[in-house]
Amino acid sequence: MDTDEIENILVLKDYKTVPDIVHEYSPTLKFGHIPLVIDNGSYQCRVGWSINEEPNLIFKNYIARPRKDRCKKDAEPPVTPPIQIGNDIVNIEAVRFQLKTQFDKNVVTHFEVQEQVFDYIFSHLGIDSEGSVPHPIALTEAFVTPNYCRQLMSELLFEGYGVPGVSYGVDSLFSMYKNDIGDSALIINCGYHTIHIIPVIRGRVIEEHARRINLGGSEIICYLHKLLQLKYPVHVNAITMSRAEEIVHEHSSIALDYQETIKKWANPDYYEANVMRIQLPYVQTVTSTGLTAEQQKERKKEMARRLLEINARKREERLADDEENLNHLLAIKDMIEDGDTDEFNEAIKGFDIKSYEDLQRQITNINMRIEKNKQRIAAAATAEENLETRPAGRLNPPTEPEAFQAWLTDTRAKYRELVARREARRARRAAMVKRRTAAAAERMRVISRLAAAGDDFGNQDSDWDAYKSISREADSDSEADGERVLELEEALREYETPPANSSQHHQLHLAIEPFRAPELMFQPSMMGNVEAGLAETMEYVFKHFSSEDQMLLANNVFLTGGSSQFPGLKERLERELLEMRPFQSTHKVIMAKNPSLDAWYGARDFAGSNEFESWCISKEEYYEMGGEYLKDHYASNKYYKSPAPIIDNTLAPSVDANVVKEEIVVDC
């Protein structure tokens, strides 16, 4: 491998999380009534105080319940904690199938998991107040969160943790106002599970024309994971979800023109120049045995001798069995020649013999097998004598370089020829077993010809060759070919140059895959999703507004969310806008300064403002208005009170007017 190729190989980092520390709960925080800011994202949760510049905690919104160690008794203390949350999950692949999240898509529905996450947050922030969390909370939620989900969240915070107040806001709106891009924008919030397209005109969110695409970073990661596992089935266990996630985050990008990009990768020269090689972890095989060259030769020589001894022992055993069977058959033949017909009929019951001709045929076959076995034993003895006199490599190559290369080429050719012959023999035997094949038809034709030959069959030696064409057993020379194959393998293993570095066999060659996976944002149909892509949905949203409002939205397309950080996404959207917008109209795509953290920064500024308390729901308002209630502000969802349940009186049982109701008094 060239030095340049080695330098271009990327190594997976396999990031490991570091468990979060328990932060100090200072008197300023404890007695200052400082708001707590929680950006409750479906991928990462970001938590911090409103007076801090950066969040104190950033962790993945997962919990894991590791399986109980069955080897340990219940009385023994557990080695691992019963529940691992966030950054406490050091090796996420070890508990991949035990992971749970509180989200369905991007909406919180599993509040038993959310409660575990809140416990993790409050304990790692060092909050040690008994019975309650004495801090108002600014909490992000999904766009148009259902009232029922907000009701359960408020119930958990007010009744479970006793918070004095809570204010809900939409993460993408917080990010928009944090970047100070004006009061009109078309927000493209690319999340972990969904993509939201939210039009905001003159500070008003137009919910009825907003759209959601049920696709996000998690689907992109799963899609790339499946692509790589199908491309490299040998490394299916090494291609984990975490490694696919790392490739998506660090090596994937959006193609400006996907079809043109595919055509480029069809060129072999372009492929070799631009392919991305990623090294998978592997264990280098140890080739050194700790033996000297002489010891290795002696070892190979001993292994060859053992192989010859095993084969010779098998031949002698077969020869002894054949000679014993021959003696029995000759004894039976003597019976019929002596005229002992009854004894002959009794003796042939233990053998597959039907007549005297059948007996004569079996004696001839056994004689032929005995003669062949004796010839093989003599040839093996000669080979063993030659083994004593030649080097341990079995085949003795010439010492001259040119002659050695010619010998090595010839040895390779012989080895391939023998292997091909053996494979053809196996295929022929397999074809004979099956019906309606050419080999089976030929076999049946030969058998029919033998049946029609009558009593004259066997008078000539050539007649017995027919059994070779119909036998399903190994050919007569298959054993010799097997020994020759082993001999050539041993010679090639000793004298052939070693193969290329084994690390090449543990590499992923990424060509179109880093472009294909994030292309799902624009073509969800690639993974079977029937929804429209990002560009089509944007064009659909534009059609619901007047020309003036369309100009406001098109000139302020705002990209935010963790999945918006793909290189090339901004350029791709600008190209799509150029195609969908009228001729010579203007458009502009703005990227959030920090797409992942701007939602938390915006919520922090919101919680630190003087109006924050007026936008919070107090516990009294919670009991009065209900858990689904929230106060509207510039970054919140709109509150629509849930309608009262409809009572259908038609389902009530009818009461007969003639029935007299009596009150029964029971005297205790």
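Rings of Phe, Tyr and Trp (its six-membered ring) pair if their centres lie within 6.5 Å, and the pair counts as stacked with planes under 30 degrees apart, edge-to-face over 60 and tilted for the rest. With that in hand, welcome to the close-up views.

The model is predicted, so to speak of local features a pLDDT of at least 70 is needed, side-chain atom pairs count only at pLDDT 80 or more, and totals for chains, interfaces and linings use all residues. Residues are numbered from 1 along each chain as its sequence is written, and side-chain values use heavy atoms, with hydrogens and water left out.

**View 1. An aromatic cluster brings together F174, Y177, F606, F612, W615 and Y634.** Searching the whole structure gives 18 aromatic pairs. In the pair of F606 and Y634, the ring centres are 5.9 Å apart and the planes stand at 80°, so this pair is edge-to-face. F606 sits in helix α21 (residues 598-607) and Y634 in the segment after α22 (619-625), so the pair ties together parts 28 residues apart in sequence. Helices (H or I, at least four residues) and strands (E, at least two) are DSSP runs, numbered from the N terminus. F606 is buried, at a relative accessible area of 1%, while Y634 is partly exposed, at 34%. Here buried means under 20% relative accessible area, exposed over 50% and partly exposed in between (1.4 Å probe, protein chains only).

**View 2. F59 and Y120 form an aromatic pair between a strand and a helix.** Their ring centres are 5.0 Å apart and their planes lie at 70°, so the pair is edge-to-face. F59 belongs to strand β4 and Y120 to helix α3 (residues 111-124), so parts that are 61 residues apart in sequence are tied together. F59 is buried, with a relative accessible area of 1%; Y120 is buried as well, with 4%.

**View 3. Strand β3 pairs with β2 and with β4.** Two strands pair if DSSP finds at least two bridges between them. Strand β2 (residues 36-40) runs antiparallel to β3 over 5 bridges, and a hairpin of 3 residues joins β2 to β3. I38 faces V47 in β3 as its opposite. Between β3 and strand β4 (residues 57-60) there are 4 bridges, again antiparallel, and R46 has I58 in β4 as its bridge partner. In β3 (residues 44-49), 5 of the 6 residues are buried, so the strand is largely enclosed by the rest of the structure.

**View 4. An open sheet of 3 strands has the order β1-β16-β17, with mixed pairing.** Strand β16 (residues 276-279) is joined to β17 by 4 bridges, and the two run antiparallel. Look for R277, which stands opposite H509 in β17.

**View 5. The second largest pocket has a lining of 49 residues.** A pocket is an open set of points on a 1 Å grid over the protein atoms alone, where a 1.4 Å probe fits, with protein on both sides within 12 Å along at least five of seven lines; lining residues have an atom within 4 Å of a point. S42, Y43, G191, Y192 and G562 lie nearest the centre of this pocket. Helix α7 (residues 241-251) gives the most to the lining, with 4 residues.
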